[in-house]
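Here is a walk through one model, written for someone who likes to check contacts and angles by eye. Keep the viewer open and follow along.

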Amino acid sequence: MAGISFSEKDLLCPQCTEIYYLPVLLKCGHNICRVCLQKFWEWKGCRECPVCRAVSVPGRPPINLALKIAADHHQVQKTIRNQDFCGLHNEKLKIFCHNDQEPICLVCQTSKQHRVHECCPVEEAADQKKKEISEMLESLRKNLRKLNKTKVDWEETNNYIQSQAHQSEEAIKESFEKLRLFLQEEENSRLKVLKEEKEIKTQVMGEKLENIKDQIKSLSSTISDIEAYLRAKDLPFLQDYKQMKKRAKCIVREPECIRDILITSAKHLGLLGFGIWKKMANIVTCVPFTLDPNTAQSNLTFSKELTSVQYSRKQILPDNPERCTSRVCVLGATGFTSGKHSWTVEVGQGKDWYIGVAQESIKRKSTVFLNPTEGFWVIGLCNGDSIWAQTSPRIKLVLKQKPEKIKVQLDYDKGKVIFINAADLTTMHTFKNRFTERVFPYFSPGLNEDGKNSTPLTICPLTVTVDVE
């Protein structure tokens, strides 16, 4: 079959006079395109041969494989020959027009259309354009690396969500175990909310991951195609140059910054007992707010109900946008935009700590000074010796005794933050400022001392009464 040769005339279908496409062999020995034969039979209403009118046997005529291979080969060779020559002048394409970004022949170069255009030999143009596409390819590779890194980060975040949900679930179960007989229904309700949030946020992360995987797959495919184009010969390369350049200029979206994707532990764990306060008032404690572990630096650990924080061993945590990494601190889970608020912090015998308020827009990933200019209104104890108001410059506070409990009073509307020694109710310091955005309670416990955990900072509970006004 491979030794059979055909002239170009032998490759023409007698019905459509074009090069055979899927030629079939009739019983009479004539060949015809399968589509042409089908149309002829439908028009004629019988199974005659279009050439000799002989009636064909029932069934589908077989494809003439040798003739099909010869016809396909002829079409390929014809296409290759046509690609090398100008369609207008039938001259070989030796020049590249930079203005129109396409190969042309010498006659085209002297024509009115290209006479004033910038042109050069195809070899020189191919070398130049390959360098141009290579630079664009490197940019695409850089974007691919960024997407891959983001994918890894998101996978770690997704895994952390599972761990965070598991820890929250265990804490919820332990708290409810103490109240089991009376609070079974409440426990099931809380777990359902947690489960729904977990499912929603897991689904969101799953969709985000699938989306970025699709982006990576698409970009990888584009890069592979471009790399293959760059290995092509000069002329085919330049003929596909426009399309290749268009693909290389594809817009690669920056990985989005996913906010508020972590499990809202403060919602599930904070004030867990207070939700059933009316029924269990004698054993319930309540604080003005809880701490938000999603904002905490990785060395901080918390009590089960998120009312106490202290310095401990480093944990592996997602670097989510809300997290403070430049300082060992954590924010409260509740922010304020108006009104009066107060809370008392037990600082104990700690040697280093900072407490107060911070505005929502503080720089959480880069080093800043603890002063109002940077969005902080705090006081702090340094080296177990002196307490300073973190103004600019800072002010040393003169006190009769070092406090163990400090009351923080925030008057948002009047722009005041007042620090009071809870033992004798003396005012330690007052900040005066005008707040323009949401502010959050700020806590920074001392570092680890001699291998031992630092003294925790604890939000003191409020007095709970059954009646609410």
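How many bridges join strand E3 to E5, and do they run parallel or antiparallel? Three bridges link strand E3 (residues 95–97) with E5, and the two run antiparallel. Bear in mind throughout that this is a predicted model.

## The three-stranded sheet

E3 and E5 belong to an open sheet of three strands, ordered E4-E3-E5, with antiparallel pairing. Strand E4 (102–104) and strand E5 (119–121) sit at the edges with a single partner strand each, so one side of each has no neighbour in the sheet. On average, and ignoring direction, neighbouring strands here are turned by 35° against each other.

If you want a residue pair to click on, Phe-96 stands opposite Cys-120 in E5. Helix H4 then packs on this sheet, where it touches E3 and E5. The direction of H4 makes about 100° with that of E5.

## Cysteines without a bond

Searching the whole structure turns up zero disulfides. For Cys-120, the closest cysteine sulfur is in Cys-119, and at 7.6 Å that is too far for a bond. Cys-120 is buried as well, with a relative accessible area of 8%.

Cys-329 is in no disulfide either: its nearest cysteine sulfur belongs to Cys-324 and is 3.9 Å away. To count as a disulfide, the two sulfur atoms would have to be within 2.5 Å. Cys-329 has 3% relative accessibility, so it counts as buried.

## The six-stranded sheet

There is also an open sheet of six strands, in the order E8-E17-E10-E11-E12-E13, and again the pairing is antiparallel. Its edge strands are strand E8 (330–331) and strand E13 (395–396), each of which pairs on one side only.

Six bridges join E10 to strand E11 (residues 376–382), and the two run antiparallel. Ala-358 has Phe-376 as its bridge partner in E11. E10 also pairs with strand E17 (residues 439–444), in the antiparallel sense and over six bridges. There, Tyr-354 stands opposite Ser-444, and Gly-356 stands opposite Tyr-442. Why is E10 largely enclosed by the rest of the structure? Six of its seven residues are buried, and so the strand counts as largely enclosed.

The largest nonpolar core has 44 residues, and the members touching the most others are Ile-133, Ile-226, Phe-237 and Leu-238. At least two residues of this core come from each of helix H4 (122–178), helix H5 (180–230), helix H6 (234–239), helix H7 (241–248) and H8. H4 supplies the largest share, 16 residues.

What does Phe-237 touch, not counting residues up to four places away in sequence? The list is Ala-126, Lys-129, Lys-130, Ile-133, Tyr-229, Leu-230, Ala-232 and Met-244. A second, separate core has 35 residues, including Trp-343, Ile-387, Phe-435 and Val-439.

Now for a loop residue. Asn-294 is found in the loop between helix H8 (265–269) and strand E6 (300–302). Is Asn-294 buried or exposed? Its relative accessibility is 9%, so Asn-294 counts as buried.

The side chain of Asn-294 makes a polar contact, at 2.8 Å, with the side chain of Gln-164. Setting aside neighbours within four places in sequence, Asn-294 is in contact with Gln-164, Leu-262, Ile-263, Thr-264, Asn-320, Glu-322 and Arg-323.

## Gln-167 on helix H4

Back to H4 for one last stop: Gln-167 lies in this helix. With 48% relative accessibility, Gln-167 counts as partly exposed. Gln-167 and Lys-304 are 137 residues apart in sequence, while their C-alpha atoms are 9.9 Å apart in space.

Key
Residues numbered from 1 in each chain as written. Predicted model: local features only at pLDDT ≥ 70, side-chain atom pairs only at ≥ 80, totals over all residues. Heavy atoms only, no water. Helix = DSSP H or I, 4+ residues; strand = E, 2+ residues; numbered from the N terminus. Buried < 20%, exposed > 50% of the residue type's maximum accessible area, 1.4 Å probe, protein only. Polar contact = N/O pair within 3.5 Å; in protein donor to acceptor, adjacent residues only side chain to side chain. Contact = heavy atoms within 4.5 Å. Pairing = 2+ DSSP bridges. Core = buried A, V, L, I, M, F, W, Y, C linked by side-chain atoms within 4.5 Å. Axes fitted to C-alpha atoms, helices over the stretch in contact; angles between N-to-C directions.
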